[in-house]
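Please examine the model shown below before reading on.

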There are 2 protein chains.
Amino acid sequence: MSIIKVALLGFGTVGEGVYRTIQSHQEELRAAIGKNVEVVAILIKNKEKKRAIDSEVLITTDFEDIIGLPDLDVVFEAIVEKEPSFTYLKRALLKGCHIITANKEMFSHHGKELIELAAEQQVSVGFEATVAGGVPIIQTLQQLLKINNVSAIQGILNGTSNFILTEMREKKQTFIEALKLAQQNGYAEADPGNDINGCDAYFKLMVLSGIAFGEQPELSCVKINGITDITIEQIELADKLGLRFKHIASIDRKEDRLHATVIPTLVSKAHPFYHVEGVENAVNVRTDLIGSITLQGPGAGMFPTASAMVEDLVQVLQSPATEVKSRKQKTVVKKDEQTHATSYWLVCKLKKRLSLNSISYSDQLSEEVYAIKASKDQLVKLYEQNADLITYPILGTFELESERKEATLLLTR
Amino acid sequence: MSIIKVALLGFGTVGEGVYRTIQSHQEELRAAIGKNVEVVAILIKNKEKKRAIDSEVLITTDFEDIIGLPDLDVVFEAIVEKEPSFTYLKRALLKGCHIITANKEMFSHHGKELIELAAEQQVSVGFEATVAGGVPIIQTLQQLLKINNVSAIQGILNGTSNFILTEMREKKQTFIEALKLAQQNGYAEADPGNDINGCDAYFKLMVLSGIAFGEQPELSCVKINGITDITIEQIELADKLGLRFKHIASIDRKEDRLHATVIPTLVSKAHPFYHVEGVENAVNVRTDLIGSITLQGPGAGMFPTASAMVEDLVQVLQSPATEVKSRKQKTVVKKDEQTHATSYWLVCKLKKRLSLNSISYSDQLSEEVYAIKASKDQLVKLYEQNADLITYPILGTFELESERKEATLLLTR
């Protein structure tokens with residue numbers, strides 16, 4: 001039986017998970033690909049650190065030692081930041097190796113280039129681990145929804161920010177306290193900036209956009225707001241309204257343009273994200289045939305992420321070379337998606353109402369805080385009148401007290 | 001460009017959905033498989049009925065007309081009952097056609113035989129549509145979780161019974177009223193027996209068992225209870241305890257034996273099924289690497305089910321012949337899964353408590369109704385003492401009032 005020789009770049013949580021999974025799941029790998037898989041080399045940063053690695057494995061701090069190995073089949077990359085990862089993976093492709101990466105920042109920027117280069121080299125790229133850890137959303141979009149046209153994707157794609165929002169609500173903690181706990185539990189990075197400011201979720205959204213729509217929107221057109229401004233008071237107020245804050249990354253195509261946001265959003269009980277708590281991730285995909293499906297599971301962690309990479313190993317070895325997707329999705333314009341369609345928002349720091357009578361306001365919920373029903377056009381005007389306005393969209397079923405009263409009145413008539 | 005010629009057996013909701021989807025998604029099919037797809041023949045029951053079918057398509061009530069066609073590539077089957085579907089599909093395989101079926105009853109019985117025959121004939125079998133409509137659970141298990149060992153699967157697999165339970169709770173309707181509404185909305189069959197007695201969910205569970213564990217448990221070992229005995233009073237009582245009734249099909253492997261049930265179950269707010277309402281389906285899969293993932297979406301309907309079958313078309317044309325899975329899963333025995341481990345139950349018609357002091361009881365919640373904490377062994381003894389006992393397992397986080405008080409006491413000490 002022949003052997004698949006693989007190298008790992010990085011031996012942090014994810015790299016170690018991949019190593020241990022390949023060791024523990026030899027039998028399953030043989031059953032799936034008909035070959036033994038052997039980790040022949042690992043690129044590390046610090047030679048002094050003790051690690052539980054077989055003595056036969058080449059452990060090196062020099063990428064040249066790895067790229068120079070004869071008969072290397074696959075390179076797994078689990079480092080962070082764009083460089084030197086991108087350069088390493090390009091060289092691996094040029095050498096004729098399949099590559100499998102967990103690096104969302106790098107891949108959201110250079111994914112297209114890597115996939116094109118892989119196609120030239122007749123090898124494949126696995127990147128399931130770049131989005132939502134153990135949740136197989138990438139392969140679901142790539143392999144299982146080839147006939148469906150995707151119209152929109154929404155996701156809770158960052159476990160750390162979701163954990164913080166859950167802790168704040170459940171345990172009445174401040175943002176800082178919840179962040180500390182996330183760090184103590186090993187969820188947040190030492191520098192949690194990208195988790196809480198939305199950049200991490202943005203990188204993942206861009207990877208999803210590339211697969212689902214064949215392109216990415218310009219960064220300048222994507223509204224990205226972090227969760228740092230959300231207060232316990234706002235969370236408690238939302239709770240009273242039956243709503244929860246979730247940090248939602250969202251993309252859809254309307255009239256041939258991609259619209260993407262990564263913003264704190266309020267969801268009602270009927271929304272599939274309402275009960276996605278703690279470090280869980282969830283992705284909702286809307287398509288023309290299925291309607292709406294949601295995948296939920298662990299967004300991070302040693303073995304969920306390693307699972308994504310090792311399942312990718314089966315895919316890259318079995319599939320023909322990764323195709324360059326030029327999936328030009330059909331535009332599905334729904335009536336309720338037009339800009340004059342109204343939806344609900346929680347607005348804070350609203351000092352001045354519009355003189356028009358067209359926006360419906362709730363009673364004042366707290367100082368300068370209201371729930372409103374308005375169109376996007378009207379909202380823009382409201383921003384013009386209120387320099388410091390903060391708005392959170394409300395997803396799922398929701399209605400204002402005044403509408404409820406009116407409905408009751410109609411029923412009792 | 002060459003043409004894939006397909007025949008449809010059955011032109012009910014699903015058959016018509018497949019026909020219309022193939023018509024409307026020619027471009028997507030060409031992009032995915034590089035060929036045009038043409039429906040050349042349709043098997044119907046009643047020749048008199050008007051249907052919107054192209055005049056070039058052969059419409060016949062005689063299967064011989066279809067099986068006699070030259071150059072047929074794929075046969076889609078969307079009929080009900082085991083026969084004559086099984087015979088038709090065997091003959092299609094023997095002719096060298098790929099087959100794609102939505103028939104869970106037939107496939108749960110004869111799936112293995114069809115897959116083996118297909119392997120001999122070097123063709124493939126698609127059966128995504130047999131379970132959970134538009135939710136791609138079959139392909140996820142088959143294609144995306146090849147290295148993960150599945151330890152358990154739980155599902156809300158019947159939209160009709162879930163719709164009835166939702167209606168009863170939300171609108172305080174009786175079982176009969178809710179069933180009527182399900183029939184009016186076209187969710188339930190004219191004969192809804194298999195929906196509400198659990199057989200439909202059982203068939204689907206057996207299909208999942210075949211893929212995940214490579215075998216099915218004996219029918220005699222599977223506990224199947226329908227939802228017909230659930231009363232509004234029980235639903236309201238559960239609601240007060242923060243619980244909801246769901247009709248859950250469940251299978252796991254412990255100590256190399258499969259354990260399967262299809263029973264009304266109470267789930268708490270933290271469980272991913274708590275908010276799966278109406279005709280939605282959901283499947284939760286536990287594996288050794290990922291942990292737990294949940295897929296949720298429309299379990300029925302013309303286009304979701306057609307989507308499953310047309311996506312299968314891409315799979316059967318692209319993949320090598322369906323392998324006969326002899327996936328012998330590793331046994332993962334968890335400590336909390338032993339029979340002496342305690343869990344929570346709602347018990348009705350409890351006339352006689354056990355003399356042992358080992359079961360914890362709540363205060364009486366209603367006449368002869370209690371929440372209890374007990375092991376399976378203890379529960380068996382409780383059944384011995386109470387001939388009419390009805391028990392519902394409680395999933396998710398739950399505790400008895402007495403335990404809550406004790407915890408509070410400990411905290412305040």
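**Sheets, interface and local geometry**

In chain B, strand E5 (residues 98-101) is joined to E6(B) by 2 bridges, and the two strands run parallel. Within this pairing, B:Ile99 has B:Val125 of E6(B) as its bridge partner. Strands here, of at least two residues (E), and helices, of at least four residues (H or I), are DSSP runs numbered from the N terminus. Two strands are taken to pair if DSSP finds at least two bridges between them.

The model is predicted: local features need pLDDT of at least 70, side-chain atom pairs count only at pLDDT 80 or more, and totals for chains, interfaces and linings use all residues, while side-chain values use heavy atoms, with hydrogens and water left out. Residues are numbered from 1 along each chain as its sequence is written, and chains are lettered from A and ligands numbered from 1 in the order in which they are written.

The pairing of E5(B) with E6(B) belongs to an open sheet of 6 strands in chain B, with the order E3-E2-E1-E4-E5-E6 and parallel pairing. Strand E3 (58-60) and strand E6 (125-126) of chain B are at the edges with a single partner strand each, so one side of each has no neighbour in the sheet. Chain A also has an open sheet of 6 strands, in the order E3-E2-E1-E4-E5-E6, and its pairing is parallel. In chain A, strand E3 (58-60) and strand E6 (125-126) stand at the edges; each has a single partner strand, so one side of each is left without a neighbour in the sheet.

How are the two copies related? Chain B can be laid on chain A by a turn of 180 degrees and a shift of 0.0 Å along the axis, with an RMSD of 0.0 Å. The two copies are therefore related as by a two-fold rotation axis. In chain B, the C-alpha nearest this axis belongs to B:Leu295, 2.3 Å from it. The superposition is by least squares on the C-alpha atoms of residues with pLDDT of at least 70 in both copies.

Strand pairing also crosses between the chains. Strand E12 (residues 291-298) of chain A is joined to E12(B) by 3 bridges, and these strands run antiparallel. A:Leu295 has B:Leu295 as its bridge partner in E12(B).

The contact (heavy atoms within 4.5 Å) takes 39 residues from chain A and 39 residues from chain B. Of the interface residues of chain B, 100% are also interface residues in chain A, so the copies meet through the same surface. The size of an interface is often given as the accessible area lost when the parts come together. Here chain A and chain B bury about 3,400 Å² between them, 56% of it on carbon and sulfur atoms; buried area is the accessible area (1.4 Å probe) that two parts lose on being put together, summed over both. B:Leu144, B:Ile147 and B:Leu289 supply 21% of the area that chain B buries against chain A, more than any other three residues.

Which elements of chain B supply at least two residues each of the side that touches chain A? They are helix H1 (13-24), helix H2 (26-33), helix H6 (137-144), strand E12 (291-298) and helix H12 (302-318). H12(B) gives the largest share of that side, 8 residues. By class, the side of chain B that touches chain A has 16 nonpolar, 17 polar and 6 charged residues. In this scheme Ala, Val, Leu, Ile, Met, Phe, Trp, Tyr, Cys and Pro count as nonpolar, Asp, Glu, Lys and Arg as charged, and the others, Gly among them, as polar.

Between chain B and chain A there are 0 salt bridges, whereas the structure holds 32 salt bridges over all chains. A salt bridge is a side-chain nitrogen of Lys or Arg within 4 Å of a carboxyl oxygen of Asp or Glu. One joins the side chains of A:Glu16 and A:Arg20 (3.5 Å, N to O).

Finally, some local backbone features. A cis peptide bond joins A:Glu83 and A:Pro84, with omega about 10 degrees. A:Pro84 lies in the loop between strand E4 (74-77) and helix H4 (85-94) of chain A.
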